[in-house]
Amino acid sequence: MSRGNWLDADFSGLKNLNEKFSSSNMQRCKFIGSDMSGLLLKRNNVDHCDFSGSDFTGSDIQSSHLANNSFKNCSLIDAEFYESYASSCDFSGADFTGAQITSGGFEKNNITDAVLHHTSFTNSQISDIIFEGTLEDCYFENCEFTKVTFQNAILINTFFKCRSLKKIRFIDCQADRITYEFLKSGKADLSGITLLTI
């Protein structure tokens with residue numbers, strides 16, 4: 001499937017690829033309930049595709065552009081996004097446990113009810129994102145934030161090491177002591193955060 005130009009194709013339920021999936025252009029394709037685990041996905045342009053309910057566990061997504069796609073209820077456990085840009089995608093209900101987003105962009109995505117546990121964002125541009133729910137053992141390092149809001153979020157053992165946290169809005173959030181101190185050190189506006197008592 002590498003080096004293909006795929007338009008309006010239905011690959012739903014795809015399994016056992018066992019290969020690299022690289023240098024392809026995919027538009028309006030369906031991969032619903034597919035097994036993409038352990039794959040190297042490199043230099044792909046993916047637009048308006050539906051991956052709902054698919055398994056990306058341990059996959060490696062490199063130098064790819066992902067726009068307007070649905071990743072609803074996907075397993076992204078231990079997946080790595082490297083130098084990739086995800087924009088206007090629906091990640092609602094997705095499991096990002098152990099996922100790494102490195103040296104890329106993450107913008108205008110819906111992450112409602114997504115699981116963020118041991119999830120790391122490094123050297124990434126994060127914009128137009130609302131983080132909700134519980135973030136535990138997460139990691140934000142050298143990220144650039146634009147129009148980022150944490151709303152009704154519980155932050156536990158979450159590490160922030162960025163040049164400036166002033167642009168982040170916190171609304172009705174709770175944080176444990178160590179996370180609170182990281183945010184305070186980064187000069188974040190703490191007015192929307194209360195200290196979590198455990």
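Helices (H or I, at least four residues) and strands (E, at least two) are DSSP runs, numbered from the N terminus. This is a predicted model: local features need pLDDT of at least 70, side-chain atom pairs count only at pLDDT 80 or more, and totals for chains, interfaces and linings use all residues. Residues are numbered from 1 along each chain as its sequence is written, and side-chain values use heavy atoms, without hydrogens and water.

Start at Thr-158, in the loop between β16 (144-156) and β17. Is Thr-158 buried or exposed? Thr-158 is buried, at a relative accessible area of 0% (buried means under 20%, exposed over 50%, partly exposed in between; 1.4 Å probe, protein chains only). Beyond its neighbours within four places in sequence, Thr-158 has contacts that include Leu-135, Asp-137, Thr-179 and Phe-182 (contact means heavy atoms within 4.5 Å).

Next select helix α1, residues 177-185, where the buried residues are Thr-179, Tyr-180 and Leu-183. They lie on the same side of α1 because their arc around the axis is only 100°, taken from the directions from the helix axis to the C-beta atoms. These buried residues of α1 pack against β16, β17, β18 (169-171), β19 (173-175) and β20 (193-195). Just after α1, Lys-187 has a positive phi of about 60°.

Now show the open sheet: eight strands in the order β2-β4-β6-β8-β10-β13-β15-β17, with parallel pairing. Its edge strands, β2 (21-22) and β17 (159-161), each pair on one side only (two strands pair if DSSP finds at least two bridges between them).

Finish at β6 (residues 60-62) and β8 (residues 80-82), parallel strands joined by three bridges. Here Ile-61 stands opposite Phe-81 in β8.
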